[in-house]
Amino acid sequence: MDAIDRKILAVLQAEGRLTLTELATRVKLSTSPCHRRLRELERTGAIRGYRAVVDPVALGLTFEALVFVTMLQEDWETLQAFEEAVTQVPNVLLAQRLFGDPDYLLRIVTADLAAYQQLQDNTLSRLPGVARMNSTLVMKQVVDNRPLPA
């Protein structure tokens, strides 16, 4: 990956709906070489996909919590079962396995505190292998969906 590829990635992260012609102009390439580079970035997985960034408030998802999960045990089967189950919970925007204690960090969105309480009681607490959860409520987004540095 060279400087031009990094520029393509930076421009697309800021404005993913650019036409190929607009992208080529921004990175100072003709259309054909820009198209080849773009296809190669997609083929190698540097570009994993395209999507719209949607405001959660527009969908009525105004409540956010960070949930730290500690597992009962950390054997392979338990971790795999937990990870598979957590991918099936649509309110989980992010799930990361951590070093040390706690074992996982989940980023959760719901409509309100009551919806979060119901999600925790009926779904999160029943995920395989969970010993305990500690929730921290998000007061304000300061940096969110920032493009990766190019």
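Which side chain meets that of Arg-132 in a salt bridge?

1. **Basis of the note.** The model is predicted, so local features need pLDDT of at least 70 and side-chain atom pairs count only at pLDDT 80 or more, whereas totals for chains, interfaces and linings use all residues. Residues are numbered from 1 along each chain as its sequence is written, and side-chain values use heavy atoms, with hydrogens and water left out.

2. **Arg-132 and Asp-101.** The side chain of Arg-132 meets that of Asp-101 in a salt bridge, at 3.4 Å from N to O. A salt bridge here is a side-chain nitrogen of Lys or Arg within 4 Å of a carboxyl oxygen of Asp or Glu. The two residues are 31 apart and link distant parts of the chain: Arg-132 belongs to strand β4 (residues 130-137), and Asp-101 to the loop between β2 (92-97) and β3. Helices (H or I, at least four residues) and strands (E, at least two) are DSSP runs, numbered from the N terminus. Asp-101 counts as exposed, at 54% relative accessibility. The classes are buried for under 20% relative accessible area, exposed for over 50%, and partly exposed in between, with a 1.4 Å probe and protein chains only.

3. **Salt bridges at helix α1.** Eight salt bridges are found in a search of the whole structure. In one of them, Arg-37 pairs with Asp-5, and the closest N and O atoms are 2.9 Å apart. This pair ties together parts that are 32 residues apart in sequence, because Arg-37 lies in helix α3 (residues 31-43) and Asp-5 in helix α1 (residues 3-14). Arg-37 is partly exposed, with a relative accessible area of 23%, whereas Asp-5 is buried at 12%. A network of salt bridges links Asp-2, Asp-5 and Arg-37.

4. Lys-7 is placed in helix α1 and counts as partly exposed, at 41% relative accessibility. Leaving aside residues up to four places away in sequence, Lys-7 touches Arg-26 and Val-27; contact means heavy atoms within 4.5 Å.

5. Arg-107 and Glu-64 form a salt bridge through their side chains, at 2.5 Å from N to O. Arg-107 lies in strand β3 (residues 104-110) and Glu-64 in strand β1 (residues 63-71), so the pair ties together parts that are 43 residues apart in sequence. Both Arg-107 and Glu-64 are buried.

6. **Strand β1 and its partners.** Seven of the nine residues of β1 are buried, which leaves the strand mostly covered. β1 runs antiparallel to β3, with seven bridges joining them, and Phe-63 has Thr-110 as its bridge partner in β3. β1 is also joined to β4 by seven bridges, again antiparallel; here the bridge partner of Phe-68 is Asn-134. Two strands pair if DSSP finds at least two bridges between them.

7. **Helix α4.** Thr-78, Leu-79, Phe-82 and Val-86 are buried in helix α4 (residues 76-86). Seen down the axis of α4, its buried residues fall within an arc of 95 degrees, so they line one face of the helix; the arc is that of the directions from the helix axis to the C-beta atoms. The face turned away from this buried side carries the exposed residues Trp-76 and Glu-77. The cover over the buried residues of α4 includes β1, β2, β3 and β4.

8. **Aromatic pairs.** Rings of Phe, Tyr and Trp (its six-membered ring) pair if their centres lie within 6.5 Å; planes under 30 degrees apart count as stacked, over 60 as edge-to-face and the rest as tilted. By this rule there are two aromatic pairs. The pair of Phe-63 and Tyr-116 is tilted, because the ring centres are 5.6 Å apart and the planes are at 35 degrees. These residues are 53 apart and link distant parts of the chain, Phe-63 in strand β1 and Tyr-116 in helix α5 (residues 113-122). Phe-63 and Tyr-116 are both buried. The rings of Phe-82 and Tyr-104 have centres 4.5 Å apart and planes at 45 degrees, so this pair is tilted. Phe-82 in helix α4 and Tyr-104 in strand β3 are 22 residues apart. Phe-82 is buried with a relative accessible area of 0%, and Tyr-104 is buried at 3%.
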